[in-house]
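Subject: Structure handover

Hello,

Please read them with the model open.

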Protein chains: 2
Amino acid sequence: MEKIVVVGLGLIGGSLALDLKKRGDFKVYGIDQNPTHVKKAIELGVIDAEISFSELSEADIVIIAVPVNIIPKLTQKVLDVVSNETLVFDVGSVKNEICKAVENHSKRKNFVAAHPLAGTEFSGPEAAILNLFDDKVNIICEADKTDWRILDKAISIFKKLNMRIKMMNPIEHDRHIAYVSHLSHVSSFMLGKTVLEIEKNEEAIFDMASTGFASTVRLAKSSANTWTPIFLENKDNIINSLNEYIKNLKEFKDLIENNNEEGLKESMNNTNYIKSILNGLK
Amino acid sequence: MEKIVVVGLGLIGGSLALDLKKRGDFKVYGIDQNPTHVKKAIELGVIDAEISFSELSEADIVIIAVPVNIIPKLTQKVLDVVSNETLVFDVGSVKNEICKAVENHSKRKNFVAAHPLAGTEFSGPEAAILNLFDDKVNIICEADKTDWRILDKAISIFKKLNMRIKMMNPIEHDRHIAYVSHLSHVSSFMLGKTVLEIEKNEEAIFDMASTGFASTVRLAKSSANTWTPIFLENKDNIINSLNEYIKNLKEFKDLIENNNEEGLKESMNNTNYIKSILNGLK
C-alpha cells in the first residue's frame, strides 16, 4: 500500500485525498498549517491520518496543494527531504514561478508541475468532494524535466482520477489561464462588488438573482486567500487581460450611448461564437 | 376553456405557452412575425394553433412576449382590439417605457406590466421548456392601474406557474434590474469577446473552460435580438452600472499592479458577502 501525503487540505488537496483513498490502494496522510483543517479532514474521512513534515521521507507520493505563493519554497523543502523514488507534484494555478524555483534542484526529476483544471467556489476541507476531477483537463508543464518513471507514476494517478492530460509550456500556460480562468474571477468579483455597493436592497438582489446574476457572480464567492496570491503571481498576464476587458466594456458602453443598434448586434452575434467552442461542455 | 394568445413564440413566450397548456384548462394560440417560429411551435406542441391578429377580440388572455422595443406599440394595438374582459400582460425586462406607453389608453385597466425573472441563454420556440417559472419572482409594476378583477386573473395565472409576486414601481424596477441582471449580461458578453479576441487557440478555451469560464461566460450565448433593445431601452441605468463596474475593475487592477495584498484580500472578503445574500439560491 503506497503512502500519499497531501500538503494543504483545502478544496483541491482535500478532493484529491478523498478520491485517491477511494480509487486506489493508498494510505492518505495530511499536513496543514491550520490544526482545525487537519482535525476536520480526519473527521470527514478526507485523510486517514496526520503526518509530520519530518516523516515525508517515507512518502511514495507528495501532493502540494497550498496557495500559489507558498508553493515554490515549500516544494523546494519537500524535494530536500523526500526519497529518490518519491513523486512530488503541485496543483497550483500559476506555473512559471514554480518551474523556475525547482529548475536547478537536485531532485527536479522527482517533480511534476501540474494544474488540474477543476474546482468550485468553496474552500477548506469541508469543500472536498468526490469525482471533482473526472473528465477534466490536467495540464503538465516541463514534463521533459521529470524522470520518466516518476512521470509514469504521476500519469497513472491522473488516469485513476479520469483526467485528460495536456502538456504545455509554463509561460504559455500562465498566459492562457489568465484569460480563460483568472479574468473570469476578477470580472465576477467586481460584478459582485458593484452590485453590493449600489444595490442596498438585499431582498431585491436575492429576488432578481435568477436573471443571470447568480451564475455570473458565482466565482465571487471564492476564497480571497487562494486568489490574492494567484492574481499577484500571474500579475502581468492578468493586467493585460484586464486592460483588454476594460477596453471592450468601454467600447460597448459607447455603442449603447450612441444608440448604435447595428454595432451592438454585431458585437453580440460575434461573441455568440463562444457557443460553438464550448459545445459539449455543460 | 379559456383562450390564451401568446404573441412572440421565443424562450419566454414559448415556455409560458407550454406550461399553461399543461397546468390549466386553456387553449393556447400563437402569433409570431416569423412563420418558421409558428410552424416549429405547433410541431413541438408549444401552442395548439396559430391565430391572426384580427381574432384577438376573442381572446381571454393575451401575453406579449416580443423584444422590449416592440412591446409599447404592440401593446397599444392589442389593447385597441381586445374585449373589456381580456387580460393583457407583457413580460419585458424593462418596464418604464411600456408603463408610460399605455398610461392613457382607454383599456389601461386591462393591462398588467409584468416581468417574470426567469430565462436561459437559449432562444426561439425550441428553447421553450416546462417548469421555467417555478419558484421564480414575477415583478408587477403599477398594479394599482389595473382593474382588480383583471389583476386577480393575472395573479391566478402566475400562481399556476408557482411564481412569487413582487410589486414594484417601474422606475425602481429598471434601476434594480440594470444592476442585477443587465450588467451581468454585458460583463459576460465582454468576457466572451475578450477571450475570443486574444485566445486564438480554441482548443485551449475548450480545455480550460472548466476553471470558471464556462459559467461566467454562459450569458454571452444569449440572443442579440433580445438584448440589443433591452440595453438601449434601459440605457441610462445600464450606463451608470457600467461606469461603476469599470471603475471597480480599474481599482482592482491598481491593487494588483501595486502588489497590494491586503487591499486585494479586503476587496474579495467584502464581496464574499454576496454568499449570504444568495444563500438558498442554487
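How many residues of chain A are in contact with chain B, and how many of chain B with chain A? The count is 91 residues of chain A and 91 residues of chain B. Before going further, please keep in mind that this is a predicted model.

Interface

The area buried between chain A and chain B is about 9200 Å², and carbon and sulfur atoms give 69% of that area. The rule finds six salt bridges across the interface of the two chains. One pair to look at is A:Asp207 with B:Arg164, a salt bridge in which the closest N and O atoms are 3.3 Å apart. Polar contacts across the interface of chain A and chain B come to 31 residue pairs, with both residues at pLDDT 80 or more.

Which element of chain A gives the largest share of the side that touches chain B? That is helix H6 of chain A, residues 170–198, which contributes 21 residues. Sorted by class, the side of chain A that touches chain B consists of 44 nonpolar, 27 polar and 20 charged residues.

Chain A as a whole

Chain A contains twelve helices and eight strands. Its radius of gyration is 21 Å, close to the 19 Å that the globule rule gives for 282 residues, so chain A is as compact as a globular protein of that length. Along the principal axes, the C-alpha atoms of chain A fill a box of roughly 70 × 40 × 30 Å. Of the 282 residues in the chain, 60% count as buried. If we take the contacts in chain A between residues at least 6 apart in sequence, 74% of them join residues at least 24 apart.

Salt bridges

Over all chains, the structure holds 42 salt bridges. I picked out a few.

In chain A, the side chains of A:Lys95 and A:Asp90 meet at 2.9 Å, N to O. Are these two residues buried or exposed? Both A:Lys95 and A:Asp90 are buried. Elsewhere in chain A, a network of salt bridges links A:Glu103, A:Arg108, A:Glu142 and A:Lys145.

In chain B, B:Lys153 and B:Glu2 form a salt bridge with the closest N and O atoms 3.8 Å apart. B:Lys153 sits in helix H5 (residues 148–160) of chain B and B:Glu2 in strand E1 (residues 2–7) of chain B, so the pair ties together parts that are 151 residues apart in sequence. The relative accessible area of B:Lys153 is 19%, and this residue is buried because the cut-off for buried is under 20%. B:Glu2, at 31%, is partly exposed.

A further pair in chain B is B:Asp48 with B:Lys21, whose side chains meet in a salt bridge at 3.7 Å, N to O. This pair links distant parts of the chain. B:Asp48 is in the loop between helix H2 (35–43) and strand E3 (49–50) of chain B, B:Lys21 is in helix H1 (residues 11–23) of chain B, and the two are 27 residues apart. B:Asp48 counts as partly exposed at 33% relative accessibility, and B:Lys21 is partly exposed with a relative accessible area of 25%.

B:Asn138 belongs to strand E7 (residues 137–141) of chain B. It counts as buried, with a relative accessibility of 0%. Leaving aside residues up to four places away in sequence, B:Asn138 touches B:Ala114, B:His115, B:Pro116, B:Phe158, B:Met163, B:Arg164, B:Ile165 and B:Lys166. B:Arg164 in that list is also the residue that forms the salt bridge with A:Asp207.

Two entries concern backbone angles. Most residues other than glycine have a negative phi. B:Asn131 has a positive phi, near 65°, and is found in the loop between strand E6 (111–116) and E7 of chain B. This residue is partly exposed, with a relative accessible area of 43%. B:Asp135 also has a positive phi near 65°, and its place is in the loop between E6 and E7 of chain B. What is the relative accessible area of B:Asp135? The value is 61%, and B:Asp135 is exposed.

Regards

Technical notes: Residues numbered from 1 in each chain as written. Chains lettered and ligands numbered in written order. Heavy atoms only, no water. Contact = heavy atoms within 4.5 Å. Buried area = accessible area lost by both parts, 1.4 Å probe. Salt bridge = Lys/Arg side-chain N within 4 Å of Asp/Glu carboxyl O. Polar contact = N/O pair within 3.5 Å; in protein donor to acceptor, adjacent residues only side chain to side chain. Helix = DSSP H or I, 4+ residues; strand = E, 2+ residues; numbered from the N terminus. Nonpolar A, V, L, I, M, F, W, Y, C, P; charged D, E, K, R; others polar. Rg over C-alpha atoms; globule rule 2.2 N^0.38 Å. Buried < 20%, exposed > 50% of the residue type's maximum accessible area, 1.4 Å probe, protein only.
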